[in-house]
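What follows is a walk through one protein model, from single residues to the overall fold and back to particular contacts. Please keep the structure in view while reading.

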Amino acid sequence: MMTPPDSTPSPLSHTEERAILTVTCLAAFLFFNSFGSIGVALPAMQKQFGNSLSEIQWITLMGVVTISSLSFCFGRAGGRFGQRRLYKIGVACYAAGAGFGAVSSSFMQLLGSRLVMAVGLAMALPMSTAILAASFVPERRGQALGLFASAVAVGRMTGPAVGGFLLQLGGWTWIFWMNFIVGSSVTLAVLKIFRGPGEMQREVFDTWGALALLIGYPALLIALTFGSARGWRSAPVIAAFVLAGLGLASFVYIELRAKKPLIDLTLFKQRSLVAALLTIACINLLSYPIALAAPLYLQNVLGVSAMGAGFLLAVLPLSTALASPISGRLADRFDAAQISGIGLALVVIGIAGYARLGTGSPLALVVLVFALLGGGIGVFTPANQKIAFASVSREDYGVLAAMLSSFGTAAGTIGTTVAVALMELGGGKRLWTNGAAFADAQQFAFACLVPVGLIAIGIALASRRGSQAGLNTDP
């Protein structure tokens, strides 16, 4: 295995490490909590502003598209301007956007505030794991990444509950006020702990590559998101796919010729990195459709109440939150490739189990399946991230963090699209009106997805064999 140069982080005291880990985990909890809390408030926003459903969903879609598209750009910019500097700006932008959202008097103002929040997240999120990877020595890096993944999972788990409580207490604006107040407090803590801009390198920024990516990648996500709803042959969807093809083809062309590309394609010569990216894409492709299918299955097929469904669905992120720190510690002590492989296997078993759920499945079995899925994701993620960061040099940490996030988001969007198409193929016109038809269609769709997980396991076994030699000691 080719070892990346200059990957050893500067030694920090345990107090400094704890402070960095605490503030990044708190920020991650806030960020991912907001996704769920704002999502719960969409009907209230629609009622107040009188927008259509397709318009109001841009409140959520704006965040996904902006974060996924800009993360690559900010990931590379962190090397030039300093990762800590961009992280501080990102957290501050997020807090400011939440404040603007709280005082919005029109839908367009609210959409603009979400854009500001999303830009801040696109700065802060890739910097989070990059800063953690650079701040902790390899022997403790897995533990830090595990605790960070746990904070993300807890944020996702509590988001809908927090949003629902604030919505009943004072309306949807209270959700934005909460994000502004907590976000401002986190910003002050970040400014105190992250002093200075961080490490910077003199390098040319790949402006043309960034522009091509910002044209192609959002167009791809939008086409995949609206294709199943508006029809794959509709003019807007076809136009989005054409724009995506032109933008992404131009991006690859530019990257192959750029002096300092946005994404150094030579990184993909690292087998362990390629395996890490492919397996995280497979994990997201398998798990993202659960967020769409499971609530409908629980309520429309099993007859569970909305509140009961919420508690049952919380089992998945709770299992992730509990498993992630354990996985991080194990990845520091043992073979990280084996740990991530165990997590990957658990996810595949969980998906296979979900594909067996039907109209008479007991709730205990549903809980077990959710626990397997969540636990598998929690075991896989920190170990896989440790493998990925050990495969590149420190100057590429920001780009790598953006790649892990964006590859996962794109694969998850594709997985949801494929799952819906398969369910419509298996369920026909009765899919959304008949519980038994939905259950049968769900079984068919997820059974078709199981081979993707088996392929991922094959990739992991083939590419990570003997890779441990370079994981626990960076040169």
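A residue is called buried when its relative accessible area is under 20%, exposed when that area is over 50%, and partly exposed in between. The model is a predicted one, and this scale can be applied to it residue by residue. Serine 68, which is found in helix α4 (residues 58-81), has a relative accessibility of 3% and therefore counts as buried. Its C-alpha atom is separated by 14 Å from that of methionine 127, a residue 59 positions away along the chain. Valine 40, whose place is in helix α1 (residues 14-40), has a relative accessible area of 29%, so this residue is partly exposed. Between the C-alpha atoms of valine 40 and arginine 195, which are 155 residues apart along the chain, the separation is 36 Å. Valine 103 lies in the loop between α5 (83-102) and α6 (107-135), and because its relative accessible area is 51%, valine 103 is exposed.

Taken as a whole, the protein has 17 helices and zero strands. Its radius of gyration is 21 Å, close to the 23 Å that the globule rule gives for 475 residues, and so the protein is as compact as a globular protein of that length. The C-alpha trace spans about 60 × 50 × 45 Å along its principal axes, and buried residues account for 54% of the 475 residues. Among the helices, α16 (residues 397-427) has 31 residues and reaches 44 Å from its first C-alpha to its last, which is close to the 45 Å expected at 1.5 Å a residue. Helix α16 is also mostly covered, with 22 of its 31 residues buried.

Turning to the surface, valine 103 belongs to a nonpolar patch that it forms together with Phe165, Leu169, Trp174, Trp177, Phe180, Ile181 and Val182, with about 750 Å² of accessible area together. The elements that contribute two or more residues to this patch are α7 (138-170) and α8, and the largest share, five residues, comes from α8.

Pairs of aromatic rings are described by the distance of the centres and the angle of the planes. With ring centres required to lie within 6.5 Å, the count comes to nine aromatic pairs. Because tryptophan 172 and phenylalanine 176 are four residues apart in helix α8 (residues 172-193), they are separated by about one helical turn. In general, an α-helix has 3.6 residues a turn, so residues three or four places apart point the same way. Both tryptophan 172 and phenylalanine 176 are buried. Elsewhere, Tyr297, Tyr354, Phe370 and Phe446 form one aromatic cluster.

Charged contacts remain to be considered. How many salt bridges does the structure hold? There is one salt bridge, and it is formed by lysine 386 with aspartate 332, whose closest N and O atoms are 2.8 Å apart. The pair links distant parts of the chain, with lysine 386 in helix α15 (residues 363-389) and aspartate 332 in helix α13 (residues 315-333), 54 residues apart. Lysine 386 and aspartate 332 are both buried.

How values were computed. Residues are numbered from 1 along each chain as its sequence is written. This is a predicted model: local features need pLDDT of at least 70, side-chain atom pairs count only at pLDDT 80 or more; totals for chains, interfaces and linings use all residues. Side-chain values use heavy atoms; hydrogens and water are left out. Rings of Phe, Tyr and Trp (its six-membered ring) pair if their centres lie within 6.5 Å; planes under 30 degrees apart count as stacked, over 60 as edge-to-face and the rest as tilted. Buried means under 20% relative accessible area, exposed over 50%, partly exposed in between (1.4 Å probe, protein chains only). Patches are made of residues with over 30% relative accessible area and no salt bridge: like charges are joined within 9 Å, nonpolar side chains (Val, Leu, Ile, Met, Phe, Trp, Tyr) within 5 Å. Accessible areas come from the Shrake-Rupley method with a 1.4 Å probe; for residues, only the protein chains shown count as cover. A salt bridge is a side-chain nitrogen of Lys or Arg within 4 Å of a carboxyl oxygen of Asp or Glu. The expected span of a helix is 1.5 Å times one less than its number of residues. The radius of gyration is taken over C-alpha atoms; the globule rule is 2.2 Å times the number of residues to the power 0.38.
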